[in-house]
Amino acid sequence: MSFGPILTRDDGQRIQRICPPKELEGLLEAVFFLRGPIMDSAGGDPETAWQKLGGAASGIPLIAPIQVHGTAVLEEREIWAVPTRPKADGILLTRGNCAGSLRFADCFPLLLSSSHPRPWAMMLHAGFEGTAKGILSDAVGFLRGQIPGFRPDRTAAWIGPGIGPCCYERKKDQDAKTALGMSNFPPRSWTDLGESVRFDIQKALRIQLLSLGLPEERLFIHGLCTSCNPGELYSYRTGDRTCRTFFVVRCGPEVHNIRPWWENI
Ligand SMILES: [Zn+2]
């Protein structure tokens, strides 16, 4: 279990799957559609992306919330699928009937999953703002309510690609969000540079996951900085205004009933 290799299809579309642990094989499918012609032509619109990928034709309803850099999480229900677009930054998947999706261009995709006490996966859009507002602790609070018996020590987590500390500084002056980050990010995840602050969002998420009780050996880090790797990844800061990396997850007992093409590569 880890991140699979970045694969390039004949048409140039890059794909990267998450390799689930043994106990979640056949129950968890998670894939990133990175920079490539399908994502370029979708222009960041999830319904278009789903159509072009063939997900809509295979009959899988797509949950694709409007992301607001908040901390709200949706549960897997067909009424939340497109064309409905509720506002949220996380999705809890437990049945495998719907696919959950979120979009990224510098913010961090975060996936938590376990087979205990039944299969579930929670995907989050964790950027600077969501992390500063405490998306992870809010999401785990939601999870405890929905999945009684949740065990952090039996949970795996994947922190996807996002903007690294190499490329992420924020001015102190006239930016209330910087102050929020300085008070809510773990102290070891930011550096005061005087007039600005360098934030390491990935490190903040890692520290928060470990302090929840996730075992280090079940925590996987993608590690590529979006801003340093524009050939593979979309990055808002390096000029991608609309196109996005598309993260799609299905989890639950029904996952094996439909296998889209990207699950067989
Ligand atoms: Zn960088």
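**View 1. Glu 23 is partly exposed**. In this predicted model, Glu 23 has 16 other C-beta atoms within 10 Å, so it falls between buried (20 or more other C-beta atoms within 10 Å of its own) and exposed (12 or fewer), with C-beta atoms placed from the backbone. Glu 23 sits in the loop between β2 (14–19) and β3 (28–33); strands are DSSP runs of E with at least two residues, and helices are runs of H or I with at least four, numbered from the N terminus. From Glu 23 to Asp 138 the C-alpha to C-alpha distance is 26 Å, and the two are 115 residues apart in sequence. Residue numbers start from 1 along each chain as its sequence is written. Because the model is predicted, local features need pLDDT of at least 70 and side-chain atom pairs count only at pLDDT 80 or more, while totals for chains, interfaces and linings use all residues.

**View 2. The largest nonpolar core has 73 residues**. Such a core is a set of buried Ala, Val, Leu, Ile, Met, Phe, Trp, Tyr and Cys residues joined through C-beta atoms within 7 Å. Leu 111, Ala 121 and Val 249 have the most contacts inside this core. Strand β9 (residues 120–126) gives the most to this core: six residues.

**View 3. Ala 121 and the residues it touches**. Leaving out residues up to four places away in sequence, Ala 121 touches Leu 28, Leu 93, Leu 111, Leu 112, Ser 113, Val 249 and Cys 251. A contact here means C-beta atoms, placed from the backbone, within 7 Å.

Note on methods: Contact = placed C-beta atoms within 7 Å.
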